[in-house]
Amino acid sequence: EGVRQRAFTGSLPGQGRVDELLHEAHARYAALQDGVVADYIPVLARADPDRFGLSLIGVDGATYEAGAADDAFTIQSISKAFVFALVCEEIGHRAVHERVGVNNTGLPFNSVMALELNLGSPMNPMVNAGAIATTAMMPAASHDARWEAIRSGLSRFAGRELAVDTEVYESEMRTNTRNRAIARLLEGYGRLERDPAAIVDMYTRQCALVVTAHDLAVMGATLADGGVNPITGVRVVAEEVARDTLTVLASCGMYERSGEWLFEIGLPAKSGVSGGIVAISPGKGALGSFSPPLDPAGNSVRGQRACAFLSRALGLNLF
Ligand code: DON
C-alpha cells in the first residue's frame with residue numbers, strides 16, 4: 001500500500017514556470033526537420049509535417065498548451081495503453097499478464113518474428129500482437145457492446161466523446177494484411193478465442209479514434225492521477241490499474257527503444273504512428289505531443305525531443 005501511494009505523489013513547478021518551459025520546448029524543436037511521416041497507412045502520408053502541438057496537464061487539472069495542441073489526429077498505438085487499462089479494470093491484470101505478458105520483445109511493433117520466437121506469446125500489450133489479443137479480452141455480451149466498451153472507456157479517459165476517423169480506418173483496413181496475419185497466427189497458437197477478422201477490425205477502429213495533444217495530456221494525466229480524470233473528476237480505473245499500466249508503458253511503450261527512452265527521459269510513455277506521444281509523470285501530470293515526422297522505430301522526432309527537454313526542465317524524470 002505504502003509503495004503504491006508513493007507512486008502518485010510529487011508536484012510540478014509554479015504555473016508561470018511550466019507555461020514558460022512548455023513554450024520554450026515548442027520554440028526549440030518547431031524548426032527541427034528530421035524524421036519521416038508514416039505512409040504505410042496511405043491516408044496518414046497526407047499529414048502536414050510542420051504541425052507541432054504540446055499540452056501539459058497537471059493532476060490538479062492545470063492546463064498548459066503551446067502550438068497546435070488542438071489539431072486532430074488518430075490515436076493509433078497510443079490506444080493500446082488505455083485499452084490495456086480498461087481490460088485490466090474489467091478482468092484483473094493477472095489474467096492479462098498470463099495471456100499477453102509484460103516483457104519487451106526487442107523487435108518492431110508489427111513483428112511476426114517476435115510471435116514465432118516466443119511460441120505465440122505476444123509478450124506485451126503495446127505491440128500489435130499483444131494489443132490485438134488485449135482488445136479480444138474485453139468482456140462484453142456482443143461484438144458491438146465490446147466496441148462500445150472500448151470507445152466509451154477511452155472517451156472517459158479523454159473526458160469527451162471520441163469518434164472514429166472513417167477515412168483513416170478504411171485506409172488501414174485496405175492495407176493491414178500484416179495485422180490480419182498476426183491475428184491468424186495468434187489464433188493458430190490458441191491465444192485468440194474470437195474471430196480474428198472481427199478483432200482486427202475492432203483494433204483498427206480503436207487506432208482510428210480522433211484525439212488532440214490536449215486529449216492525450218488529459219488521458220495521461222488520468223493515469224498520473226491514479227485513475228481519476230483531473231478535468232472531469234471521474235474515476236476511470238482503479239489506482240492499481242493505473243500503476244500496472246504505467247509499468248508496462250515504462251518497459252514497452254516506446255517499443256524496442258523503451259530502454260533508451262527510459263534512460264534518456266525516464267518516464268512511462270506511449271507513441272503512435274500518426275505522431276502522437278503521451279508521457280506520464282506519476283503524481284504530477286502528463287504531456288501530450290503531436291508532430292507527424294517519425295524516427296525508424298515509429299516514434300515522433302519532435303515529440304521525443306520535447307519530452308526529453310521538459311522531463312529534465314520540469315523535474316518529471318522518475319530517476
Ligand atoms: O496497427 C498499426 O500498425 C497501427 N494502427 C498502429 C501502429 C502504431 O501506431 C505504432 N506506433 N508507433
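In these legends, Ala, Val, Leu, Ile, Met, Phe, Trp, Tyr, Cys and Pro count as nonpolar, Asp, Glu, Lys and Arg as charged, and the others, Gly among them, as polar. The model shown in every view is predicted.

**Figure 1**

Figure 2. The protein chain is divided into domain 1, made of 2-76 + 209-313, and domain 2, made of 79-207. A distance of 21 Å separates the C-alpha centres of domain 1 and domain 2. To the contact, domain 1 brings 35 residues and domain 2 brings 37 residues. On the side of domain 1 that touches domain 2, the elements giving two or more residues are β4 (210-211), α11 (213-224) and α12 (239-252). The most comes from α12, with seven residues. By class, the residues on this side of domain 1 are 21 nonpolar, ten polar and four charged.

**Figure 3. Helix α2 and its buried face.** Helix α2 comprises residues 15-29, 15 residues in total. From its first C-alpha to its last, α2 reaches 22 Å, close to the 21 Å expected at 1.5 Å a residue. L21, L22, A25, H26 and Y29 are the buried residues of α2. Viewed down the axis of α2, these buried residues fall within an arc of 140 degrees, so they line one face of the helix. An α-helix has 3.6 residues a turn, so residues three or four places apart point the same way.

Figure 4. Most residues other than glycine have a negative phi. L119 lies in the loop that runs between α5 (113-117) and α6 (128-136), and its phi is near 55 degrees, a positive value in a residue other than glycine. M123 is also found in the loop between α5 and α6. The phi of M123 is positive too, near 80 degrees. Which of these residues is exposed, and which is buried? L119 is exposed, because 8 other C-beta atoms lie within 10 Å of its own and a residue counts as exposed at 12 or fewer. M123 is buried, because 22 other C-beta atoms lie within 10 Å and the cut-off for a buried residue is 20 or more.

**Figure 5. I231 in the loop between α11 and α12.** I231 has its place in the loop between α11 and α12. With 18 C-beta neighbours inside 10 Å, I231 counts as partly exposed. I231 and G61 are 170 residues apart along the chain, yet their C-alpha atoms are separated by 5.3 Å. Not counting residues up to four places away in sequence, I231 touches G61, G159 and V218.

Figure 6. A217 is found in α11. This residue counts as buried, since it has 32 C-beta neighbours inside 10 Å. Its contacts, leaving aside neighbours within four places in sequence, are with S55, L56, I57, A286, L287 and G288. The C-alpha atoms of A217 and Q206, eleven residues apart along the chain, are separated by 18 Å.

Figure 7. V200 lies in α10, which covers residues 196-207. With 25 C-beta neighbours inside 10 Å, V200 counts as buried. Residues up to four places away in sequence aside, V200 touches I132, N176, N179, R180 and A183. Between the C-alpha atoms of V200 and R184, which are 16 residues apart along the chain, the separation is 9.7 Å.

Definitions and conventions
Residues numbered from 1 in each chain as written. Predicted model: local features only at pLDDT ≥ 70, side-chain atom pairs only at ≥ 80, totals over all residues. Domains from an automatic or database assignment. Contact = placed C-beta atoms within 7 Å. Helix = DSSP H or I, 4+ residues; strand = E, 2+ residues; numbered from the N terminus. Expected span 1.5 Å × (residues − 1). Arc of directions from axis to C-beta.
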